[in-house]
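Student: Could we go through this one together, question by question?

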Amino acid sequence: MFRQVFDPNNLFWRIISRCVDLVGLSIFWVALSLPIVTVGPATAALYYTVVKTFRHGEDGAFGIY
């Protein structure tokens, strides 16, 4: 019973992991694009990471799973 609840491959934990990745990436994007000069590179890095993580299904943005 407890193995199923705490299994990292459980659907609940996969959804939580994706949400944490999205929130973390958004926070990094806001922090890195505060100076107006770095808006372009920060947006490009955010797009690249989101495409790798969410569209292609590679490891999480923070390498947790």
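This is a predicted model: local features need pLDDT of at least 70, side-chain atom pairs count only at pLDDT 80 or more; totals for chains, interfaces and linings use all residues.

Tutor: Residues are numbered from 1 along each chain as its sequence is written, and side-chain values use heavy atoms, with hydrogens and water left out.

Student: What pattern does the protein chain follow along the sequence?

Tutor: Helices (H or I, at least four residues) and strands (E, at least two) are DSSP runs, numbered from the N terminus. The protein chain has three helices and zero strands. Read along the sequence, that gives α-α-α.

Student: How is H2 oriented relative to H3?

Tutor: Helix H2 (residues 11-32) and helix H3 (residues 39-55) pack with axes 9 Å apart, at an angle of about 170°. Axes are lines fitted to C-alpha atoms, for helices over the stretch in contact, and angles run from 0 to 180 degrees between N-to-C directions. Angles under 35 degrees count as roughly parallel, over 145 as roughly antiparallel, 65 to 115 as roughly perpendicular and the rest as oblique. So H2 to H3 is roughly antiparallel.

Student: Is the Phe12 and Trp13 pair stacked or edge-to-face?

Tutor: A search of the whole structure finds one aromatic pair. Rings of Phe, Tyr and Trp (its six-membered ring) pair if their centres lie within 6.5 Å; planes under 30 degrees apart count as stacked, over 60 as edge-to-face and the rest as tilted. For Phe12 and Trp13 the centres are 4.9 Å apart and the planes at 70°, so the pair is edge-to-face.
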